[in-house]
Structure formats: structure tokens, C-alpha cells
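Open the model in your viewer and keep the selection tool ready. We will go stop by stop.

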Amino acid sequence: MTSPAPLESLKGSWGSGSSLLIYVGAFSFWAFGRSLSNHAISLIPRILTLALVVNVAVGMLQVAFHVTAGQLATVPGRASGFLANPVYYGAITAGFSACCVILFLRRLDRWWLAASGFFAFGSALSGSRVAAATLLATALVIWIVKRFALSAAIGVCVTLCGTLLAGAYTRAFEGTSTIGRLAGGSDGGRPYIWRYALESARARPILGWGFGNHSAATRPYYSLEFTRDYAYNDRLLDWPDPHNVILHILVATGVIGLVLATAFVLLQVRSISNWPLVTMSGVIAATWMLQPVSLMALPIAMFLFGAAVTPIPRLSERPPGWINRPFSALVVAGVVLGAYVVVSDYRMTRALIEGDASAAASAVAWLRDPVLYGEIGRVQSSAYEQGQLDDPREVLKWYERATRATPNTAHYWAELGRRQLSLGLLAEAKVSTDQAIDLQPWSPTGWQVRLAWSVLAQDRERFDEAQQVVCDLKLSLCGIDFELDSEVAPTP
């Protein structure tokens, strides 16, 4: 309730992996794993083996055939399997490789040893430096904990060989980037965003900003250098996550939430009974120190963490009906809501891909999401420019809805100002643009709109200021002429 956008913090936004409901769901996965019998837990490694073998096979084909379009499209040269993103795929396969090392050391079964190398190979195909480094570091820790035993040394060597073999595999296919990524290194702007996350946490230290508000909370602190290098596109480089799970929880829930989450983990660690599963869960979680907490990996890590804890003793008697009936009702409600979200998401995704403005407007009624309001505004704007939409104010309507839903998001105010400017609404465009720049002092879209506005309004003082900022950010409108006729003023 203390969040600037309470509803969005509760349910999340389209394409976002952070909301209160998502984290409640993650704890449900933990509880499910915690309730499993010993026999069911013993089946988990086999089930994971089958599932991840298929994913690695798909990843090999993605790299070999440069799949960049369709349902299995991925970043060139980087495998993602069925997990849609190389980062998530790399973390999960690295975690299972480490799990296989532990299983090998327990049973000295050569099949688990081979599996550790195979999944290390699969993880390296993702090109994720974080996953590869976390896996090798975990293998070394296992070797040290086992007091440099020969069997542990063999496990380390096999995982290393699997990683190197992935390099040889990708080298065989021209145009892939896995080898370069593993050999290269870049902080990707993380030190900047970590500093901004800490600064935003100081503004709301007790209860935080709420889930899903990291971008709005940190944008006021963006520097010129960070914006120019890592946030020059407001829409595509949104930074909804600080790439560090500790800072993510701190910004979202404040000190209280961070302390409770830490206490929960420590209490569970004391009751660990299945080290292979907790190792996999730990490797996945360790990647979150440098990567986003993902909707793909979070449920898996929490489920494994629950299954790794000593099972809860089962009741000798069946629970009474008054417990079963509400539980069954909740299961049915969950299935119905899940189907609702899947169908809605499919309709919206298809409408956006096809650029169908009317279909997108119809689909959003099912979802009511500010991110989708902005996407529909973009589609409607394109339709208007192509003569498919008669009333230009339909475009404004969607951006106005987005600003009402999340008033602290600078990007929506800047886009609203852009559309108002294109309709000649100079006074309204100035108000929207000023709001965007107040929320994000180095807003790329906001400053370009202000530059274009100053040409139309013939405001030389504002023009000089905006021109300087636009050039400092190295944006496309740098260098335009103030003396341009107002009818041919630049469109940001």
C-alpha cells in the first residue's frame, strides 16, 4: 500500500518478473517442494535430467543454425533452449551440472559424472559468464570441502572440460558469440545501478518502494554517463532490476523485508538434508548476485530449496473435509486465472506483432496494464501515421492511461509529450515533458521532446539548454538548427 503504484506492485506488469503475487507464488513452490515424500524427492534429479537434456539439445541447434526468428529465436550465438533467455537457461543448466557433481561424489556413478560435463557444456552454450563462473567456483568449493579428494578433482576437471568443449563447438559455427563473451568481460553498468539502488533505498529504507518499482525508484539518480552508455533508450533499456537479489529485495521491501528474507533462508539452511538439490538451488540463486531474478528460474530454485529441507512428517489421518474443500476451490481458481492470463497474453502478443491497433485495444481490456497502454499507444501512433486511424487523440488516450496508472514513470510522460507535440499541443507537451525531466533529469526522450518543443515555440533559452543535454547524451537530434521553420521542426 505504500508503493507509488500499489496495484502494479501487487499484480506486476506485462513482461515483468517482479510483483507481490509472483513472490507469493514462489513461496508456494517452496512449500510444494517441502511437502514431498522421500520417494518423490528421489525422482527430481531424473526428471530434471530428461527436461534439461531436451533444452541442451535445442540450444545446440539454436547455435548451429543461428535461430534468430520464430518461437525459438535467441541472441545470435547464444543458446536459450525453451527458456526464452540465455541468462536463465545458463543459470539452470549450470545449477544442475553442480548437482550432478554432488550425485557423482555420493554414488561414484560415472553416468552422473558424464552428466555434469554435459550440462556444463550446455550452460556454456548460453554465453553467460556469470553462470560459467558460478559453476566453476562451486566445483572448486566442492573440491575443497572434500579435502582435495581425487574424485572431487575429477568432477572439477569434467565441468571445466564441458565448458571448454562448448567453446570448441561454437567455434565451429561462424558468427556465434559464445566464445567471445566467455573470454571478454564487462560490468554492463552494474556498479552504477547498484549505487542508484542504494540511493533509492535510503529514500524509503523501512518499507521500500514495492515490487515492480525499481526503475521508477532509481531513474531520478541516473547520471549522464550511465544514461549515455546504458540507458539511452527509455523503452528498451528500462532496468527493472538492479541485477543483484539483495538490492532487489531491499529496494522493493526495505530493511524489514530484507531481514525477514535473510532469516527465512538461514532457518531453512539449518535443516538441509539433500545437498545435491540445495547445490542446484544455490547456484541458480548465486547468479542473481549479478543477474536479474527471473520468473523462469525463481520457481525452480524455490521448489528445489524446499525439497532439499528435511521433509515434514506426514499426518497419519486425512485432513477433514472443511480443509480440503477450500483448498480444492483455490486450485480451481488458480487454474482458471492462469488460463485467463495465458489467453490474454496470447491475444495481446499477437496483436502487437501484427500491429493491429483495434485488436490490441480489445485485448488490453482483459489485462489493464500500464506497459500495455504504452505499447498500444505506440501501435496506435503507427496506425495514425499510416492513415489507418482517423482520430489522433486515440493515441494520447493510451499514454494518459499509462501516466495515471504509474505516475512516477518518466518514460510514459515523455512519450505523452512527444505525441502531444506531434498534434501541435505545445502547452500540454511542455507540461508532460517537464514532468518527465523532473522524474528523470537525464531522460533521453524527455530532452529530445523539449528540444523539438523549443524549436516550435521559438524559445531560444530552452533550445540551448536542451541542445547541450541532447549532445552530451549523444542522441540523434544533436546539432539541429534553431532557425528551422516551425512546420518542419524535428520529430524526436
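Which residues make a nonpolar surface patch of about 440 Å²? Select Leu-7, Leu-10, Leu-20, Leu-21 and Val-24, and you have it. Before moving on, note that this is a predicted model, in which local features need pLDDT of at least 70, side-chain atom pairs count only at pLDDT 80 or more, and totals for chains, interfaces and linings use all residues. Residues are numbered from 1 along each chain as its sequence is written, and side-chain values use heavy atoms, with hydrogens and water left out.

**Stop 1: the nonpolar patch**

Color helix 1 (6–11) and helix 2 (20–34); each supplies at least two residues of the patch. Helices here are DSSP runs (H or I, at least four residues), numbered from the N terminus. Helix 2 gives the largest share, three residues. Patch members have over 30% relative accessible area and no salt bridge; nonpolar side chains (Val, Leu, Ile, Met, Phe, Trp, Tyr) are joined within 5 Å, like charges within 9 Å. Areas come from the Shrake-Rupley method with a 1.4 Å probe, and for residues only the protein chains shown count as cover.

Now pick Leu-21, in helix 2. Is Leu-21 buried or exposed? Leu-21 counts as exposed because its relative accessibility is 51%. The classes are buried (under 20% relative accessible area), exposed (over 50%) and partly exposed (in between), with a 1.4 Å probe and protein chains only.

**Stop 2: the positive patch**

Select Arg-46, Arg-106, Arg-107 and Lys-146. They gather in a surface patch of positive charge. Lys and Arg count as positive, Asp and Glu as negative; His and the chain ends are not counted. Each charge is placed at NZ of Lys, CZ of Arg, CG of Asp or CD of Glu.

Zoom to Lys-146. This residue sits in the loop between helix 6 (129–145) and helix 7 (150–171). Lys-146 counts as partly exposed, because its relative accessibility is 45%.

**Stop 3: two positive phi angles**

Stay in the loop between helix 6 and helix 7 and select Phe-148. Phi of Phe-148 is near 60°, a positive value in a residue other than glycine. Most residues other than glycine have a negative phi. At 51% relative accessibility, Phe-148 is classed as exposed.

Jump to Gln-458, in the loop between helix 21 (444–457) and helix 22 (460–472). Here too phi is positive in a residue other than glycine, near 55°. Gln-458 is partly exposed, at 43% relative accessible area.

**Stop 4: a buried threonine**

Go to Thr-403 in helix 18 (residues 393–405). With 6% relative accessibility, Thr-403 counts as buried. Which backbone oxygen does the side chain of Thr-403 reach? Show Glu-400: its backbone oxygen is 2.8 Å away.

**Stop 5: salt bridges**

Opposite charges come next. Side chains of opposite charge can pair when their charged atoms come close. A salt bridge here puts a side-chain nitrogen of Lys or Arg within 4 Å of a carboxyl oxygen of Asp or Glu. By this rule the count is ten.

Select Glu-415. Its side chain meets Arg-418 in a salt bridge (3.0 Å, N to O) and Arg-419 in another (3.2 Å, N to O). Why are Glu-415 and Arg-418 separated by about one helical turn? Because they are three residues apart in helix 19 (residues 410–422). Glu-415 and Arg-419, four residues apart in helix 19, are likewise separated by about one helical turn. Check burial as well. Glu-415 is buried at 7% relative accessibility, Arg-418 is buried at 18%, and Arg-419 is buried at 13% relative accessible area.

Move to Asp-434 and Arg-462, whose side chains form a salt bridge (3.5 Å, N to O). Asp-434 lies in helix 20 (residues 426–439) and Arg-462 in helix 22, so the pair ties together parts 28 residues apart in sequence. Asp-434 is buried at 17% relative accessibility, while Arg-462 is partly exposed at 23% relative accessible area.

Select Ala-197 in helix 9 (residues 190–203). Ala-197 is buried, at 0% relative accessibility. Draw a distance line from its C-alpha to that of Arg-368, 171 residues apart along the chain. The two C-alpha atoms are separated by 28 Å.

How values were computed:
Polar contact = N/O pair within 3.5 Å; in protein donor to acceptor, adjacent residues only side chain to side chain.
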